[in-house]
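Dear colleague,

I am handing over the model that we discussed, with my notes on the pockets, the helix packing and a few backbone details below it. Please read them alongside the coordinates.

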Amino acid sequence: MKFKFWGVRGSIPTPGPDTVKYGGNTTCIEIRTDGNELIILDAGTGIHALAQALVKEMPITAHIFITHTHWDHIQGLPFFTPLFIKDNQVKIYGGLDLVTHESIHRALSVQLQYSFFPIREAQLNAHIEYITIKPGEVTRVGNAKITPIVLNHPVLNFGYRIDCDGQSLFFTGDYEPLVNIYNPDDEEYAVLQSAIDAKHKEVTHAMKKVDALIVDSSYTREEYASKRGWGHGTYDSAIKLAADAHAKKLFLTHHEPERSDAELDAIYKDLLKKYPDLGFELLLAQEGAEISL
């Protein structure tokens, strides 16, 4: 199994001279099994460049797993060229929104409304299938097993574990580890902390011993103090996750839109100095990087 980053930026695309090294496209990850099945995690703006690379392979069958339906994770979907070409098969997977009770179909259909896009859904020539998936239920794509788990974010968000060819990968989508809002001497503290500890155990079990762990790590610890509840993690919380899960490689992703290449380089250098004895390889996700497991 191998994977490639096509988008690693959070919130909004950030093209320009200061983001050339790590990339300015929003989230999209391509996974290829040894049998060459195509699995795509999220459909941010990075999926457009992936689509161009797929032209020579068409007709294709693409399996797109959406972590959640915030814009930066779906906004490239209408620009996924295979949707417009006959004989392509595109399967889009995601959860059922607990508030609106809408299925993953809305990830594409909302964007193709007349007010927002010039092409209607009826004009797409590929065979498109929408598949609603549930937490803990395994979906099979060839030899790959994809297992979703609900992770904390202001909207329903799936983290995905992919097991295939004797290797494993976990991607969190957007994820903010739960934090106890009470002081230790408050009556409610112990009850909430017990629930938080149980969820952390569930999450790290889902990630257990993966070959590659890809985690939303948007903020420094100092930045997080003013952004608690926004739905994103820190560099330190990502490192703790990887350590507790005994992951082999940790990729920090969902880079803040204001973060330049130079700033990311500086943060990475500081992290290596701060954590000199990690039991895993620490890396920053970089657009265009391809990793074989």
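On a 1 Å grid over the protein atoms alone, a cavity is a set of points where a 1.4 Å probe fits but cannot get out, whereas a pocket is an open set with protein on both sides within 12 Å along at least five of seven lines; lining residues are those with an atom within 4 Å of a point. Grid points are joined across faces, edges and corners, and a volume is the space filled by probe spheres set on the points. This is a predicted model, in which local features need pLDDT of at least 70 and side-chain atom pairs count only at pLDDT 80 or more, while totals for chains, interfaces and linings use all residues. Residues are numbered from 1 along each chain as its sequence is written, and side-chain values use heavy atoms, with hydrogens and water left out.

With those terms, a search of the whole structure gives one cavity of 30 Å³ or more, and the space in this largest cavity comes to about 110 Å³. It is lined by 16 residues, of which His68, Thr69, Gly95, Ile104 and Leu156 are the closest to its centre. By class, its lining has six nonpolar, seven polar and three charged residues, where Ala, Val, Leu, Ile, Met, Phe, Trp, Tyr, Cys and Pro count as nonpolar, Asp, Glu, Lys and Arg as charged, and the others, Gly among them, as polar.

Turning to the open sites, the largest pocket holds about 460 Å³ of space, and among its 21 lining residues Pro177, Leu178, Val179, Ser237 and Lys240 are the closest to its centre. Helix 4 (189–206), helix 5 (221–224) and helix 6 (235–245) each supply at least two residues of that lining, the largest share being the five residues from helix 4; helices (H or I, at least four residues) and strands (E, at least two) are DSSP runs, numbered from the N terminus. The lining of the largest pocket divides into seven nonpolar, seven polar and seven charged residues.

The second largest pocket has a volume of about 160 Å³, and its lining consists of Thr220, Arg221, Glu222, Tyr235, Asp236, Ile267, Asp270, Leu271 and Lys274. Here helix 5, helix 6 and helix 7 (261–274) each contribute at least two residues, with helix 7 giving the most, four. Three of the lining residues of the second largest pocket are nonpolar, one is polar and five are charged.

The helices named above also pack against one another. The axes of helix 4 and helix 6 come within 9 Å and cross at roughly 70°, where axes are lines fitted to C-alpha atoms, for helices over the stretch in contact, and angles run from 0 to 180 degrees between N-to-C directions. That angle makes helix 4 roughly perpendicular to helix 6, given that angles under 35 degrees count as roughly parallel, over 145 as roughly antiparallel, 65 to 115 as roughly perpendicular and the rest as oblique. In this pair, His200, Val203 and Thr204 of helix 4 meet Lys240, Leu241, Asp244 and Ala245 of helix 6, contact meaning heavy atoms within 4.5 Å; by class, the contact has three nonpolar, two polar and two charged residues.

For helix 6 and helix 7, the axes come within 12 Å and cross at roughly 45°, which makes helix 6 oblique to helix 7. Tyr235, Asp236 and Ile239 in helix 6 meet Leu264, Ile267, Leu271 and Lys274 in helix 7, and this contact has five nonpolar, no polar and two charged residues.

Two backbone details may deserve a look. Most residues other than glycine have a negative phi, and most peptide bonds are trans. Met58 and Pro59, however, are joined by a cis peptide bond with omega of about 5°, and Pro59 lies in the loop between helix 1 (46–54) and strand 4 (61–65). Asp165, in the loop between strand 9 (158–164) and strand 10 (167–171), has a positive phi, near 60°.

Finally, Lys4, which is found in strand 1 (residues 2–7), lies 282 residues from Gln286 in sequence and 9.1 Å from Gln286 in space, C-alpha to C-alpha. Leaving aside neighbours within four places in sequence, Lys4 is in contact with Cys28, Ile29, Glu30, Gly288, Ala289 and Glu290.

With best regards
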